[in-house]
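My notes follow as numbered points, so please have the model open as you read.

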Amino acid sequence: MLQINGLSVRYGPVTALHDVSLNVSAGEIVTLVGANGAGKTTLLKCISGMLAPATGTVSLAGESIGGLPPEQVVRRGVAHVPEGRRVFPGLTVVENLTVAAYALGYKDRQIAEDVAYILDTFPNLKRRAKSYAWSLSGGEQQMLVIGRGLMAHPRLLMLDEPSLGLAPILVEEVLHVVADINRRGTTILLVEQNASLALMLAHRGYVLENGRVALAGTGAELLKSPRVMEAYLGGVEGGAEVGA
Ligand code: ATP
């Protein structure tokens with residue numbers, strides 16, 4: 001579904017991504033792990049059109065989307081939920097969901113159906129449907145921004161650090177929701193610092209180091225990789241190395 005080849009991105013003199021190639025197949029959850037500054041957010045921004053690549057190609061189902069503006073990328077079926085849980089604090093849960101859909105030009109009836117579907121998917125949000133977004137907990141706000149991403153009917157949903165700053169029990173809850181959305185048919189590209197849970201969930205994963213793909217493999221292979229264990233899981237217990 002998503003194919004990235006030879007992607008490089010620069011911020012002035014800083015090269016944040018060097019010759020990155022990766023792919024995401026329809027139906028997969030693919031996880032990107034990497035230390036702070038490895039280039040994970042830059043990669044997502046490049047896919048969603050917030051940044052233009054210096055070199056390389058990004059294509060979705062065979063169509064080039066590299067360098068398209070964000071509104072065109074979202075219309076082609078890619079939703080990006082950035083890190084930081086940016087809800088509209090003075091709007092209610094339902095208003096937060098509808099505002100994005102109006103911006104995309106959906107009609108009232110479709111929007112009402114989509115909101116009902118999302119509230120059914122996230123029972124916590126259903127309970128808070130009329131609450132202002134500022135009054136939600138961190139976990140509820142995360143569900144809300146994921147729900148808002150789903151209002152665009154994405155084929156590919158990209159999530160940047162959805163568990164950041166959440167209590168461990170909420171981390172599991174959010175990642176279970178991600179798995180559930182995937183089971184209902186949405187392909188997922190997930191950036192996560194919580195490498196063990198995210199790789200357990202993933203069909204495949206990539207490790208980014210200093211803007212390069214350092215390792216790639218199935219979630220299970222990466223979990224067993226000594227390099228991943230040492231850098232992201234807090235220890236080495238042996239196991240086979242996997243290739244980039
Ligand atoms: P984090 O987990 O901290 O968000 P990341 O893996 O998402 O890290 P990026 O935010 O993509 O990494 O950053 C990759 C590199 O690009 C880093 O060296 C960072 O300092 C640099 N960088 C990111 N944004 C900018 C910017 N707006 N201007 C200059 N350099 C930037």
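1. Which polar backbone atom is 3.1 Å from an oxygen atom of the ligand? That backbone atom belongs to A38. I count this as a polar contact, that is, a pair of N or O atoms within 3.5 Å; within protein, one must be able to donate a hydrogen and the other to accept it, and residues adjacent in sequence count only if both atoms are side-chain atoms.

2. A word on the source before we go on. This is a predicted model, in which local features need pLDDT of at least 70 and side-chain atom pairs count only at pLDDT 80 or more, while totals for chains, interfaces and linings use all residues. Residues are numbered from 1 along each chain as its sequence is written, and side-chain values use heavy atoms, with hydrogens and water left out.

3. K40 places a side-chain N or O atom 2.8 Å from a ligand oxygen, and a polar side-chain atom of N36 is 3.2 Å from an oxygen atom of the ligand. On its own the ligand has 620 Å² of accessible area, of which the protein covers 60% (Shrake-Rupley method, 1.4 Å probe; for residues, only the protein chains shown count as cover).

4. The shell around the ligand holds 13 residues, with G37, G39, K40, T41 and T42 the closest; a residue belongs here if one of its heavy atoms lies within 4 Å of the ligand. Four of the shell residues are nonpolar, six polar and three charged. In this scheme Ala, Val, Leu, Ile, Met, Phe, Trp, Tyr, Cys and Pro are nonpolar, Asp, Glu, Lys and Arg charged, and the others, Gly among them, polar.

5. Helix α1 (residues 40-48) gives the shell its largest share, three residues. Helices (H or I, at least four residues) and strands (E, at least two) are DSSP runs, numbered from the N terminus. Seven of the nine α1 residues are buried, so the helix is largely enclosed by the rest of the structure; K40 and T42 are among them. Buried means under 20% relative accessible area, exposed over 50%, and partly exposed in between (1.4 Å probe, protein chains only). After α1 comes G49, with a positive phi near 90 degrees.

6. Please also look at R204, in strand β9 (residues 204-209). R204 counts as buried because its relative accessibility is 19%. A polar atom of its side chain lies 2.6 Å from the backbone oxygen of N23, and a polar contact of 3.0 Å links the side chains of R204 and Y206. Beyond its neighbours within four places in sequence, R204 is in contact (heavy atoms within 4.5 Å) with residues including E28, T31 and G217.

7. How is β9 flanked? Strand β3 (residues 29-33) runs parallel to β9, joined by four bridges, and V30 has R204 as its bridge partner. Strand β10 (residues 212-218) runs antiparallel to β9 over six bridges, with E209 partnered by R212. Strands pair if DSSP finds at least two bridges between them. The β9-β10 hairpin has two residues between its strands, and N210 in the turn has a positive phi of about 50 degrees.

8. Lastly, an open sheet of four strands has the order β2-β1-β4-β5, with antiparallel pairing. Its edge strands, β2 (14-24) and β5 (63-64), each pair on one side only. Two bridges join β4 (residues 55-60) to β5 in the antiparallel sense, and L60 stands opposite E63.
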